[in-house]
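Please view the sequence and the structure together before reading on.

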Amino acid sequence: MSRPDGSPIDASPAPDLVSLGWREWVALPALGIGAIKAKLDSGARSSSLHVEGIETFREGGVLRVRFLVRVRRRSQRRVACAATVQDRRHVTDSGGHRSERWFIATQIEIAGRRIDMEMNLTDRGAMLFPLLLGRSTIGGHFRIDPALSYTCPRPTRAPFGPSPPLPA
């Protein structure tokens with residue numbers, strides 16, 4: 001293969017990129033989530049987390065959000081989380097529906113690496129996976145092999161630290 005100017009294109013994958021499957025177990029340590037299933041989607045630009053009961057509040061003059069995360073689809077157990085708001089932007093989902101969503105910055109732990117990431121908070125209750133990892137999180141760190149699934153060891157179920165309590 002070559003570029004329009006005739007120079008060759010190196011199509012070989014970067015050697016330092018870890019291959020992941022189309023779905024993986026990950027951790028969100030800053031949110032106190034020790035293990036959650038994620039779908040890796042190179043077609044999605046941003047990453048999305050399923051949340052319930054989202055509300056905003058100010059702490060020290062900083063806009064923050066608090067919300068609940070159900071880490072297992074069939075479980076009633078929820079983790080109370082809070083994070084600083086990075087932005088509020090419009091996102092178009094795979095069905096072409098446009099909505100305004102809160103974005104937060106956090107870290108993800110996957111394949112033994114901790115990576116800074118940005119994700120939006122939304123209702124993914126109808127989806128099989130509570131977390132969708134888009135190309136802005138995956139790109140430059142991993143490559144996806146759609147023939148693979150759950151290539152990484154499952155993180156511990158115990159949270160990394162105390163979750164921020166939700167007010168009564």
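The model is predicted, so local features need pLDDT of at least 70 and side-chain atom pairs count only at pLDDT 80 or more, whereas totals for chains, interfaces and linings use all residues. Residues are numbered from 1 along each chain as its sequence is written, and side-chain values use heavy atoms, with hydrogens and water left out.

**Core and hairpin**

A nonpolar core is here a set of buried Ala, Val, Leu, Ile, Met, Phe, Trp, Tyr and Cys residues joined through side-chain atoms within 4.5 Å. The largest such core holds 31 residues, and Leu28, Leu31, Leu49, Phe67, Leu131 and Leu133 touch the most other members. Among the elements that give two or more residues to this core are strands E2 (23–28), E3 (33–40) and E9 (113–122). Strands (E, at least two residues) are DSSP runs, numbered from the N terminus.

Five of the six residues of E2 are buried. Strands E2 and E3 run antiparallel and are joined by five bridges; two strands pair if DSSP finds at least two bridges between them. Leucine 28 faces isoleucine 33 of E3 across this pairing. Four residues lie between the two strands of the hairpin, where glycine 32 has a positive phi near 80°.

**Selected residues**

Relative accessible area sorts residues into buried (under 20%), exposed (over 50%) and partly exposed (in between), with a 1.4 Å probe and protein chains only.

| Residue | Relative accessible area | Class |
|---|---|---|
| Cysteine 81 | 1% | buried |
| Cysteine 152 | 10% | buried |
| Arginine 114 | 46% | partly exposed |

The structure holds zero disulfides, a disulfide being a pair of cysteine sulfur atoms within 2.5 Å. Arginine 114 belongs to strand E9.

**Largest pocket**

On a 1 Å grid over the protein atoms alone, a pocket is an open set of points where a 1.4 Å probe fits, with protein on both sides within 12 Å along at least five of seven lines; lining residues have an atom within 4 Å of a point. Grid points are joined across faces, edges and corners, and a volume is the space filled by probe spheres set on the points.

The largest pocket has a volume of about 690 Å³. Its lining has 29 residues, of which Val91, Thr92, Asp93, Ser94 and Arg101 are the closest to the centre. Strands E7, E8 and E9 each give two or more residues to this lining.
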